[in-house]
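Subject: A two-chain model for you to explore

Hi there,

Here is the structure I promised to pass on. Have a look around in the viewer, then read my notes below.

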Amino acid sequence: MKAKVYVTLKKGVLDPQGKAVMGALKTMSFDEVRDVRIGKFMEIEIDGASIEKEEARLREMCERLLANTVIENYRIEIE
Amino acid sequence: MKFGIVVFPGSNCDHDCYHAIKHVFKKDAGYIWHKDTSLKGYDCVILPGGFSYGDYLRTGAIASSSPVMNEVVGFAKKGGLVLGICNGFQILTEAGLLPGALMRNRGLKFICKHVPVRVDNNSTPFTAKYGKNEVVDIPIAHADGNYFADAETTKRLEGSGRIAFRYSTAAGAVTDEANPNGALLNIAGIVSEGGNVLGMMPHPERASEPELGSVGGRGVFESIISALS
């Protein structure tokens, strides 16, 4: 089974990297850019037969390591 | 009394801490490998600065699940003194021993310089040798020192005197200009609810000898030694 995990900064948490990238895009004349937020994308291959069970396991992985829930949200997709 | 300095793959201030404790303050010190599962014989545990696990994923995230961290959490829960410096502070937040998180500096740059730091609470085992609101010169060296916590947490920290150190002007004014990294409330160091765990971004071990340009960090070690004596 293959899972995709998206980790993004929570709303209201300052993202200086996103701000710098937005500044660069504007310098390149992409004036329509209003905001840039940078996050992480992980592909995880797992052994498991039950999607429900693995989703619960992935959620635990996110809570305990993959995301820092003080500042980040996560989203899981299983293929 | 014996100090234990935890060594993670990528720690690089472990020897600096050892040197300060052993040669400057003349106390017993030993290294603790991150795979060790006992802290027996140690009275104070230090998580030193560095780049544990190459800062992969998030600073301190992978180190926080090292085998020794179970012991460090147990040691702290029993009231043992735990000091996390720089990467050590990041590890303590990731391990849940201190609230909040340390994010990328607002200017995105790695900052390595001496900064004035104000002692906001001098009634902890780590700061008792300082004066209240004393301003000391301690260097910082980090890319991720921008302290963040939700509004409720910061209010609680501030209300209960858990902010030990703040970035300030040399005169002790806590201003945005004196904030090197964007940390909320200029937070440079906080203690746990019980006061026995301190996380700080400035490096006291680099400011304990006049030869290194400042002795502003001595108070941290002198306070711990006094608390353990």
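How far apart are the mean positions of the positive and negative charges of chain B? They are 2 Å apart, for 22 positive and 22 negative charges. Here Lys and Arg count as positive and Asp and Glu as negative, while His and the chain ends are not counted. The place of a charge is NZ of Lys, CZ of Arg, CG of Asp or CD of Glu. In chain A, which has 14 positive and 15 negative side chains, the centres of the two sets lie 6 Å apart.

First, some ground rules. This is a predicted model, in which local features need pLDDT of at least 70 and side-chain atom pairs count only at pLDDT 80 or more, while totals for chains, interfaces and linings use all residues. Residues are numbered from 1 along each chain as its sequence is written, chains are lettered from A and ligands numbered from 1 in the order in which they are written, and side-chain values use heavy atoms, with hydrogens and water left out.

**Chain B as a whole**

Chain B has five helices and eleven strands; these are DSSP runs numbered from the N terminus, with helices (H or I) of at least four residues and strands (E) of at least two. Its radius of gyration is 16 Å, close to the 17 Å that the globule rule gives for 229 residues, so chain B is as compact as a globular protein of that length. That radius is taken over C-alpha atoms, and the rule is 2.2 Å times the number of residues to the power 0.38. The C-alpha trace of chain B spans about 45 × 35 × 30 Å along its principal axes.

Of the 229 residues of chain B, 58% count as buried. Buried means under 20% relative accessible area, exposed means over 50%, and partly exposed is in between (1.4 Å probe, protein chains only).

**The core of chain B**

In soluble globular proteins, nonpolar side chains tend to be buried together. The largest nonpolar core in this model has 64 residues, and those with the most contacts inside it are B:Ile46, B:Leu83, B:Tyr147 and B:Phe165. Such a core is a set of buried Ala, Val, Leu, Ile, Met, Phe, Trp, Tyr and Cys residues joined through side-chain atoms within 4.5 Å. Its largest share, five residues, comes from helix H2 (residues 67–77) of chain B.

Look next at helix H5 (residues 218–228) of chain B, where the buried residues include B:Val220, B:Phe221 and B:Ile224. The buried residues of H5(B) pack against several elements of chain B, among them helix H1 (14–24), strand E4 (81–85) and strand E9 (163–167).

Strand E9 of chain B also holds B:Ala164, which counts as buried at 1% relative accessibility. B:Ala164 and B:Met200 are 36 residues apart in sequence, yet 8.5 Å apart in space, C-alpha to C-alpha. Leaving aside neighbours within four places in sequence, the contacts of B:Ala164 (heavy atoms within 4.5 Å) include B:Arg118, B:Ile190 and B:Leu198.

**Two backbone angles to check**

Most residues other than glycine have a negative phi. B:Tyr53 has a positive phi of about 50 degrees although it is not a glycine, and phi of B:Cys86 is near 60 degrees. B:Tyr53 is in the loop between E3 and H2 of chain B and counts as partly exposed, at 25% relative accessibility. B:Cys86 lies in the loop between E4 and helix H3 (87–94) of chain B and is buried, with a relative accessible area of 5%.

**Chain A**

Chain A has two helices and three strands, in the pattern β-α-β-α-β along the sequence. A compact globule of 79 residues would have a radius of gyration near 12 Å, but chain A has 16 Å. Of its 79 residues, 29% count as buried.

Which residues of chain A does A:Asp35 contact, leaving aside its neighbours within four places in sequence? They are A:Lys19 and A:Met22. A:Asp35 is in the loop between helix H1 (16–27) and strand E2 (40–45) of chain A and counts as partly exposed, at 47% relative accessibility.

Enjoy exploring!
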